[in-house]
Amino acid sequence: MSNTEVPKFDVELQAPDISAYKEGNTGIDYISTYDSGVDGPHVMISAVVHGNELCGAIAVDHLHKQKVRPLRGKLTLAFMNVAAFHSFNPEDPTKSRFVDEDFNRVWTAETLDGPRDSVELKRAREVRPIVDAVDFVLDIHSMLISPAPLMMAGPVAKGRKLAKDVGLPKFVISDAGHKNGTRMRDYGDFINPNSPKNALLVECGTHWAAETGALAIKSAYQFLHVFGMISDDLLNAFGPTADDLPKQTFVEVSGPYTVQTDDFRYADAYEGMEILEKAGTVIGYDGNDPVETPYDNCVMVMPSLNIKKGESAVRYGKILDM
């Protein structure tokens, strides 16, 4: 596949109307927190960190409409990059990922406290007090071309443990994030192995497929149930069935392939999570140079489209024995 070939996408999901949630109850637009009055963790379900990833908005809208309130601790329901979300156009669905820059690459104290400014940085600084306050986060996302859902558990063991407790989806990815900035799930104590705080990022499938929205809802209810925030009845009504809880496969990302030229193309139409048996398998060409897998049983994690020089084409992963 050429790096200029972008497929036409079917948009099966509809962006929910979130205007009713703008005022919230925290003093921050589109952020609502509900306190049970009973000791317990502060858990956040986060949506639309990327504005064109509708599944998270669908899940948080569902929690609002069901008037889900925590049995213990506090529950925060958060719509993040609302400026980008409000710009979503199903006729051109790839264009509203962000307004100025990727909201999910600004999460370090140095960046948030620094002099640089953008629509996304303004919003990140606005919601930062909530992100600082919560104990556990499920950040709901989707992907452009990879249909296999992924749980992104971060670089430390506690992330993998939480992903195992949640039990879905099948593939759990451990990685150190991206060279071009830090994700919200990797912010602060979420990746401190000595802190009890923790975060997961679930990629529910391809952006606008109906099943992606369904998995986002199931994942949110399952996550809340893990922390004792909702009843068994609520989980049984809206959470995953036994068939939705597969034997999980844990994959550790060893690193990305970073494109060196303005002419990268794949040797095959990879969707993601393909396991290439032999080291040295050619996966593409960077200019005239072949790009080969670095080891046996190499997992192709989240291959990208529209790849530019200096960006990651794909990340390589090794299967872990868990």
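Which residue is the bridge partner of Met300 in β14? In this predicted model, the bridge partner of Met300 in that strand is Tyr316.

Strand β13, which spans residues 298–301, pairs with β14 in the antiparallel sense, and 3 bridges join the two. Strand β14 itself covers residues 312–319 and is also joined to strand β8 (residues 249–258), through 7 bridges and again with antiparallel direction. Within β14, Tyr316 stands opposite Gly255, and Tyr316 is likewise the bridge partner of Met300. In general terms, the strands of a sheet pair through backbone hydrogen bonds, in either a parallel or an antiparallel manner.

An open sheet of 3 strands was also identified, with the order β9-β11-β12 and antiparallel pairing. Its edge strands are β9 (264–266) and β12 (289–292), each of which pairs on one side only. On average, neighbouring strands of this sheet are turned by 30° against each other, direction ignored. Strand β11, comprising residues 282–286, runs antiparallel to β12 and is joined to that strand by 4 bridges. In this pairing, Tyr285 stands opposite Pro290 of β12.

The aromatic side chains were examined next. A pair of aromatic rings is described by the distance of the centres and the angle of the planes. The count of aromatic pairs comes to 12. Phe88 is located in the loop between α2 (82–86) and α3 (109–112), whereas Trp208 is located in the loop between β7 (198–206) and α6 (210–226), so the contact ties together parts that are 120 residues apart in sequence. Both residues are buried: Phe88 has a relative accessibility of 14%, and Trp208 has a relative accessible area of 2%.

A further pair is formed by Phe103 and Trp107, whose ring centres are 5.7 Å apart and whose planes are at 65°, so that this pair is edge-to-face. Phe103 is buried at a relative accessible area of 0%, and Trp107 is buried at 1%. Elsewhere, ring pairs link Tyr257, Phe264, Tyr266 and Tyr270 into a cluster.

Charged side chains also sit over aromatic rings. The charged end of Arg69 is placed over the ring of Tyr34, at 3.7 Å from its centre. Lys318 lies over the face of Tyr295, with a distance of 4.8 Å from the ring centre.

Key
Residues numbered from 1 in each chain as written. Predicted model: local features only at pLDDT ≥ 70, side-chain atom pairs only at ≥ 80, totals over all residues. Heavy atoms only, no water. Pairing = 2+ DSSP bridges. Axes fitted to C-alpha atoms, helices over the stretch in contact; angles between N-to-C directions. Phe/Tyr/Trp six-rings, centres within 6.5 Å; stacked < 30°, edge-to-face > 60°. Buried < 20%, exposed > 50% of the residue type's maximum accessible area, 1.4 Å probe, protein only. Lys NZ or Arg CZ within 6 Å of the ring centre and 35° of its normal.
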